[in-house]
Amino acid sequence: MTSPAISSTAAHWLTFQLDGQAYAAPLAQVSEVIRMGEVTPVPGAAADLLGVRHLRGRVVPVLDGRRRLGLPPCDADSEDVRVVMLTHATYWIGLRVDAVGELLVPDVAVAPPPPGRAVRTDDPVTGVLPWKGGFVALLDVRRLCRLPQTETA
């Protein structure tokens, strides 16, 4: 089942790189892109949680995008590393990515994820689009950040 956010070809997406693969989050759920900055570790946290950081009066958790998606670790000191600040309902979550790409406005229908991928109930990849000779994996922010279902008004 696809979410309503990816069924439309009119949606805008922000692309970013993780281990050489292009991923994208809905632009409507991206508040900003920032440099990595100082992150305070949280003892006993999930392996993919780098820690928390302060952002204009908020304490925001920062996830490692590679670890969250089961990818190998990278050099965190790269100049291209950024944190994409994602929002869902009242939640703010930072996602460390290898590099930020460009704005994507698809003009083709979203396809389901490729067959042969490991099936997970919390898989955040909801679809793919052909892009630059390969594909870009579209992410569901709620599932990516392991957030609860929220009531819609």
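**Entry 1**

I began with an open sheet of five strands, in the order β8-β1-β2-β10-β9 and with mixed pairing. I took strands as DSSP runs of E with at least two residues, and helices as runs of H or I with at least four, numbered from the N terminus. I counted two strands as paired if DSSP finds at least two bridges between them. β8 (99–104) and β9 (125–131) have a single partner strand each, so one side of each has no neighbour in the sheet. The twist averages 30° from one strand to the next. For such angles, axes are lines fitted to C-alpha atoms, for helices over the stretch in contact, and the angles run from 0 to 180 degrees between N-to-C directions.

The model is predicted: local features need pLDDT of at least 70 and side-chain atom pairs pLDDT 80 or more, while totals for chains, interfaces and linings use all residues. Residues are numbered from 1 along each chain as its sequence is written, and side-chain values use heavy atoms, without hydrogens and water.

**Entry 1: β1 and Phe16**

I looked next at β1 (residues 13–18). Four bridges join β1 to β8, and the two run antiparallel. Which residue of β8 is the bridge partner of Phe16? I found Val100. I then listed the contacts of Phe16, leaving aside neighbours within four places in sequence; among them are Tyr23, Val84, Leu95, Val97 and Leu139. Contact here means heavy atoms within 4.5 Å.

Six bridges join β9 to β10, an antiparallel pair. Gly127 stands opposite Leu138 in β10. The hairpin of β9 and β10 has two residues between the strands, and Lys132 takes a positive phi near 50° there. I noted that six of the seven residues of β9 are buried. Buried means under 20% relative accessible area, exposed over 50%, and partly exposed in between (1.4 Å probe, protein chains only).

Pro113 lies in the loop between β8 and β9. Is Pro113 buried or partly exposed? Its relative accessible area is 27%, so Pro113 counts as partly exposed. Beyond four places in sequence, Pro113 touches Val125, Thr126, Gly127 and Val128. Pro113 and Val128 are 15 residues apart in sequence, and their C-alpha atoms are 5.7 Å apart.

**Entry 2: the sheet with β3 and β4 at its edges**

I turned to another open sheet of five strands, ordered β3-β6-β7-β5-β4, again with mixed pairing. β3 (30–35) and β4 (49–55) are the edge strands, each pairing on one side only. Neighbouring strands here are turned by 30° against each other on average, direction ignored.

Five bridges join β3 to β6, running antiparallel. In that pair, Ile34 stands opposite Val83 in β6. Seven bridges join β6 (residues 82–88) to β7 (residues 91–97), also antiparallel. Two residues lie between the strands in the hairpin of β6 and β7, where Ala89 takes a positive phi near 55°.

How many of the seven residues of β6 are buried? I counted seven, so β6 is largely enclosed by the rest of the structure. Arg82, Val84, Leu86 and His88 are on one side, with Val83, Met85 and Thr87 on the other.

**Entry 3: the core and the cysteines**

The largest nonpolar core has 21 residues; Phe16, Tyr23, Val84, Leu86, Leu95, Leu144 and Cys145 have the most contacts inside it. Such a core is a set of buried Ala, Val, Leu, Ile, Met, Phe, Trp, Tyr and Cys residues joined through side-chain atoms within 4.5 Å. β1, β2 (21–26), β6, β7, β9, β10 (134–139) and α3 (141–144) each give two or more residues to this core. In soluble globular proteins, nonpolar side chains tend to be buried together.

I checked for disulfides, pairs of cysteine sulfur atoms within 2.5 Å, and found zero. Cys145 is buried at 11% relative accessibility. Cys74 is partly exposed at 27%.

**Entry 4: the whole chain**

The chain has three helices and 10 strands, and 43% of its 153 residues are buried. Among contacts between residues at least 6 apart in sequence, 53% join residues at least 24 apart.
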